[in-house]
Amino acid sequence: MRTPGERAEVTIQNCRFREEVRLADLAGGPSLVFRNCIFEKGLCAREAEVGRSLRLEDCTLRALEGREAPIALDLKDARMGQELALFGCRLEGVLFAPGLRAERDVRVRGCVVTPVLKGLPALLHLRQLGEGRERLGEAWRQGAGDGIRTFGAMPAVVLDDARIGGDLELSADLPAHRQQRAADALRLAGPAAGKAVASRLFGSVRGRRLHVGGQAGLFGTRCHGYVDLTRGQLGSLALFSPEAEPYVEGPQCHVSGYLTLQEDTIVRGLDLQQARIEGEVVLDRLSAGGRVDLTALHTSRSLSLYAAGIEGDLALDRAAVGEDVSLYLARVGMNLDLQGLDVQGDLTLTFATVQGYLTAFGRGRGLTVGGTLNLSGADVRAMELRGATIRGKIEVITGTFRRLFLSLGVEAVPDDGDGTPRLRPKPCRTQAVYMTAIEVEETMDVSGLEVALPADRDEHERERLRMEQEGAGFTLTQSHIGQDLRFFPENPRLLLERRFADRDDVPWQVVPVGWDVAAGVWGNLVLQANEIGGALDLRQVRVEGDILLNDTTVGRDLDMGAGDPAFERFETRCRRVDAEKLTCHGDVDLTGLRAQGDLLARGARVQGEVRLLHGPERSAAGEPPAATEPARPGYARIEGRLDLTALEASHVVLSGDNVPDPAKDVSLERGRFGRLEIVEPTPGPLNLSKISVDRWVFGDRQVPSAEDYKEVLIRMDPFDRAVWVDVETTLRNQGEDGEANRIYRQMRWKARQEWKARRAHRRWSWWVPVGLVPVLVVLAWRRPDLAQFLAGAAFLVLGGWAVYDRQGFYGMILGFGTVAWWPMIGALLLFPVSLSLFSQPAYVRASTSLLEVLGAEGRPQGPGGAPGLEASPRDLGVDWTWHDGLAMTLRYQVPIIPAVTHTWWEAGGGRLPVLGLTAERYALWLTLYHWIAWPLFLIWLAARVVRGRQT
């Protein structure tokens with residue numbers, strides 16, 4: 001058909017074309033408008049060249065004859081100098097336009113495209129869709145079979161290899177606003193947009209390798225097949241206009257099949273807000289130069305952005321996905337918003353890169369994932385998930401994050417009558433957490449995290465899940481955390497108000513406080529072989545299994561403290577704690593720990609303080625500073641063993657209250673401590689073997705007594721002499737010699753008890769006391785004199801005791817060398833006896849030297865007239881007084897200072913009335929005793945005098 005070139009527009013209306021209409025060459029012709037026409041055998045413009053516009057308004061096009069497929073409008077390889085527009089048309093065949101070249105826009109608004117069905121309604125308003133008043137009749141239902149699959153097999157719009165210079169619109173139609181773009185028309189229409197006529201495509205939209213210079217949009221379109229724009233290049237793609245959101249009612253775009261833009265499709269932006277896709281949404285290897293907005297997208301199947309490259313933001317907030325969401329190898333140049341995303345399957349971000357923030361927090365519904373959240377290999381600048389619910393597990397292997405938050409959010413609850421919804425804290429919930437070899441540059445916050453097995457599973461299924469996780473509910477191993485790792489929020493109210501409040505008065509249902517917020521883990525809490533640059537906060541954690549901190553390095557404090565004892569009293573509950581070879585560069589506060597089993601910290605190194613007891617300050621009298629302050633405000637409670645073997649710490653504080661079971665031992669073996677503080681009550685069996693302590697503090701006093709030290713040391717098992725010596729040395733260095741001696745004596749008695757316990761198992765240990773029996777029998781037979789018998793028996797008993805129990809004898813006599821003045825008590829008691837004895841001339845005789853000087857003539861006559869061998873002072877006519885007796889007493893009782901007088905006399909003569917000893921034998925034993933007593937006494941005295949002068 002040829003038209004005059006001088007006309008700018010030719011309009012053909014109210015016509016019925018009974019034969020096929022073919023447009024051949026309109027290169028120089030006017031714009032062509034068909035209005036309210038019927039093409040009974042379709043319209044063909046294959047390879048036609050239209051110099052200006054081609055526009056069809058309210059027309060009906062039936063299928064062309066002689067085609068393999070039902071084609072109503074054939075635009076294959078056609079050339080359009082300006083726009084191609086179809087408004088309110090009905091196509092009973094395919095809109096077939098592969099290879100189309102349009103210099104400007106292609107607009108398909110309010111059209112119904114049904115390649116194989118009859119009897120569809122002419123108009124369908126969006127308001128009717130929203131209100132559920134859709135009436136499609138029975139004809140298409142009978143032909144549709146199972147619905148979606150039938151339509152998906154037949155294309156409704158084919159745009160393969162087409163190139164469109166302007167916009168591509170498959171949208172709803174507003175007759176009063178046909179001159180504007182579809183998005184602008186819906187926005188300008190305001191409330192009248194609800195009367196817009198929706199486009200209905202009972203088939204698929206296929207635009208493989210489609211090139212659109214402007215925006216491609218499906219606004220208010222119902223597509224009952226799939227949308228395939230694989231390898232396309234689009235300025236942007238939108239399935240919903242955000243400007244129309246306040247006005248348009250009902251679904252904005254509905255695709256009954258799948259939507260695919262895979263295989264290197266290029267778009268400047270992608271907008272699928274509120275779109276409904278019944279099939280899969282496949283955006284694999286999509287290349288988007290701007291924002292990809294999938295807000296409130298609804299798909300019954302999966303969403304895949306495999307290897308997609310998005311330069312702007314990716315918004316998935318309030319989206320609903322019936323199966324999995326995959327961002328495997330995806331790259332997001334800015335932020336990824338997951339707030340309100342509801343995924344029934346897995347959410348996979350394996351090896352994904354997010355250069356901005358990955359967030360899911362707000363007052364509304366949080367992130368919900370029905371399966372696993374997989375972040376393995378992900379590189380995320382900052383990840384902040386608050387109040388998220390992950391029904392499967394969270395798995396991260398070799399991920400990199402600047403910050404990582406799985407912490408508290410808020411949720412709104414129904415108001416209590418004043419019209420204002422109330423807020424309450426909402427923790428993150430998941431089935432398990434498994435993280436290994438990850439790196440977090442700053443803080444990792446999992447405060448309030450609840451790790452629990454699903455309550456709707458039977459016990460067999462729950463046991464299977466336990467075995468899958470190897471009994472660990474939360475696992476973080478071989479990872480690097482640049483700053484803090486927190487399981488507890490310091491001030492939850494302030495934190496949540498800063499993040500979520502938009503006004504000063506926050507309508508809390510219950511004001512959040514610290515002791516109401518507790519992280520929970522169903523199995524073990526595994527934090528092994530990690531490097532934490534800041535603090536590790538484990539307050540208010542409830543762990544059903546063990547807390548494992550083996551080989552972990554903490555840059556600052558490790559906190560399981562009870563907090564302020566006046567009102568907080570935080571508790572960390574678990575089965576047992578294993579911190580073997582833990583390294584902490586700050587303090588370790590365990591005052592809030594409640595362990596059902598053991599606390600093991602073998603080989604741990606702590607540069608600061610290890611505190612198991614939070615008590616009042618000590619006073620000189622050992623009493624609390626105030627009567628109103630409780631004696632034990634907070635303390636760790638370990639029901640099993642406390643094993644601190646080889647622990648190195650600058651200060652350790654513990655008490656018997658920490659290990660209430662007296663049968664459970666406390667081991668500090670091979671420990672190295674700057675200060676060891678053991679508060680009463682003293683713990684039960686205490687192993688202090690090979691311990692090294694710079695300062696010991698025992699008891700409840702600032703300056704503990706020897707009794708305080710003894711109370712601790714006597715409980716030491718096994719016995720280690722070096723520990724006692726260390727304590728003794730400490731006391732001596734403090735100038736407490738008396739206290740040090742008491743410790744030394746107690747040590748020796750303890751050693752004696754250990755010796756007796758070992759000796760009790762040897763049969764020969766009884767030979768010495770049993771062997772004394774025949775000796776005493778012989779002595780009684782040979783010396784029937786009772787006094788001498790008793791003296792000999794006492795000597796033998798003392799000698800046997802000294803042989804059999806050297807330690808006991810030594811301790812009893814000399815206090816193990818610490819009370820060398822004790823033998824001088826015997827000397828003082830013997831002094832009046834000796835003075836009385838030697839003051840009597842009958843017990844004194846002339847010495848051999850004096851008898852030689854006297855000669856035979858001067859000696860008294862013995863029996864038979866011979867010179868006598870002995871001569872008493874009385875025999876020689878010497879007046880013997882008590883002064884002479886004093887000189888003799890000093891000679892024998894102070895033998896190390898020989899008397900210069902009375903050298904001519906010596907003990908001798910008659911027998912003593914007691915024990916039957918002669919004076920000579922008495923003097924012998926007296927001298928022997930004092931030769932032992934005086935050196936010990938003088939050495940002890942000299943040491944005291946010299947040390948005193950040095951002090």
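Biologist: Is Ile-932 buried or exposed in this structure?

Modeller: The model is predicted, with local features requiring pLDDT of at least 70 and side-chain atom pairs pLDDT 80 or more, whereas totals for chains, interfaces and linings use all residues. Residues are numbered from 1 along each chain as its sequence is written, and side-chain values use heavy atoms, with hydrogens and water left out. Buried denotes under 20% relative accessible area, exposed over 50%, and partly exposed the range in between (1.4 Å probe, protein chains only). With a relative accessible area of 51%, Ile-932 is exposed.

Biologist: In which helix does Ile-932 lie?

Modeller: Helices (H or I, at least four residues) and strands (E, at least two) are DSSP runs, numbered from the N terminus. The run covering residues 919-950 holds Ile-932, and this is helix α16.

Biologist: Which residue of helix α16 is paired with Arg-845 of strand β85?

Modeller: A salt bridge places a side-chain nitrogen of Lys or Arg within 4 Å of a carboxyl oxygen of Asp or Glu. Arg-845 forms one at 3.3 Å, N to O, with Glu-920. The two are 75 residues apart, Arg-845 being in strand β85 (residues 844-846) and its partner in helix α16 being Glu-920.

Biologist: How many residues apart in sequence are the parts tied together by Arg-209 and Asp-161?

Modeller: The side chains of Arg-209 and Asp-161 form a salt bridge of 2.6 Å, N to O. Arg-209 is in the loop between β23 (204-206) and β24 (211-217), and Asp-161 is in the loop between β19 (155-158) and β20 (163-164), so the parts tied together are separated in sequence by 48 residues.

Biologist: How many disulfides does the count give?

Modeller: Cys-111 is buried, at 1% relative accessible area, and Cys-584 is buried at 0%. Under the sulfur rule, the number of disulfides comes to zero.

Biologist: Which residues have the most contacts inside the largest nonpolar core?

Modeller: A nonpolar core is a set of buried Ala, Val, Leu, Ile, Met, Phe, Trp, Tyr and Cys residues joined through side-chain atoms within 4.5 Å. The largest has 178 residues, and those with the most contacts inside it are Leu-538 and Phe-474.

Key. Disulfide = S-S within 2.5 Å.
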